[in-house]
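Dear colleague,

Please find below the structure that I am handing over to you. My notes on what was found in it follow directly after.

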Amino acid sequence: METQTQRPLILSLLFATFLLHLQPIATVASAYPAPAPQSNSTDYIRTSCGATLYPEICFTSLSRYASAVQQDPARLARVAIGVSLSRARHMAVYVSNISREADYGSDHRAAAALHDCYSNFGDAVDEIHGSLKQMRQIGAAGSSAEAFRFQMSNVQTWMSAALTDEETCTDGFEDVPDGPVKSDVCERAADVKKFTSNALALVNSYAAKGMP
């Protein structure tokens with residue numbers, strides 16, 4: 001039978017063992033600092049979007065990625081490019097589908113405009129994808145300031161070309177009579193252009209900051 005003097009000793013040993021198990025947990029937790037508060041990252045995105053032509057669209061589309069962006073301009077630019085790529089891809093699929101379904105009658109101008117628009121957005125998708133791929137390579141070990149400028153120049157060139165291709169799509173409908181197909185395609189294309197424009201603006205802001 002345990003004596004009254006043994007019980008405190010046993011309790012002390014159990015408590016000491018418990019503390020030993022807690023120590024590794026505390027050590028691991030301290031090795032991974034907590035991420036920046038969500039509100040700080042969201043504020044950073046809102047401020048950064050102020051440099052774009054469409055700040056509200058910019059903030060609305062990117063704020064959901066605040067935890068991934070943190071307060072990193074490179075991550076913000078990559079996310080913005082990724083969002084614009086998704087929009088351009090959806091537009092290319094939409095134009096492809098509508099070009100097969102639309103009834104042009106004797107108006108071959110609408111058919112030609114849709115064909116050219118699909119081609120333009122196909123090129124835009126390739127250019128935006130190339131920009132995203134280049135952005136993922138920036139900051140690699142051993143990169144120099146000169147390499148950073150070269151890579152960012154490529155990104156800026158491709159994003160600018162993508163924006164031009166998207167604008168060319170809507171330009172092709174200038175001689176097409178007004179109608180539901182024309183208005184819908186031009187409206188959707190104009191929406192995609194806003195995302196591409198915002199992504200380009202954030203890329204330019206990142207490039208202006210120089211190599212991290």
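In this predicted model, the side chain of serine 61 reaches the backbone oxygen of isoleucine 57 at 2.9 Å and the backbone oxygen of cysteine 58 at 3.1 Å. Both are polar contacts (a pair of N or O atoms within 3.5 Å; within protein, one must be able to donate a hydrogen and the other to accept it, and residues adjacent in sequence count only if both atoms are side-chain atoms). Serine 61 is placed in helix α3, residues 55–62; helices (H or I, at least four residues) and strands (E, at least two) are DSSP runs, numbered from the N terminus. Its relative accessibility is 10%, so serine 61 counts as buried (buried means under 20% relative accessible area, exposed over 50%, partly exposed in between, with a 1.4 Å probe and protein chains only). Leaving aside residues up to four places away in sequence, serine 61 touches Val83 and Phe195, where contact means heavy atoms within 4.5 Å.

As to conventions, residues are numbered from 1 along each chain as its sequence is written, and side-chain values use heavy atoms, with hydrogens and water left out. As the model is predicted, local features need pLDDT of at least 70 and side-chain atom pairs count only at pLDDT 80 or more, whereas totals for chains, interfaces and linings use all residues.

A polar atom of the serine 41 side chain lies 3.4 Å from the backbone oxygen of glutamine 70.

Turning to helix packing, α6 (residues 108–137) and α8 (residues 180–209) pack at an angle of about 20°, with their axes 13 Å apart. The angle makes α6 roughly parallel to α8 (angles under 35 degrees count as roughly parallel, over 145 as roughly antiparallel, 65 to 115 as roughly perpendicular and the rest as oblique). Axes are lines fitted to C-alpha atoms, for helices over the stretch in contact, and angles run from 0 to 180 degrees between N-to-C directions. Among the residues making the contact are Phe121 and Ile128 of α6 and Val185 and Thr196 of α8.

Overall, the protein has eight helices and zero strands, and buried residues make up 38% of its 212 residues.

With kind regards
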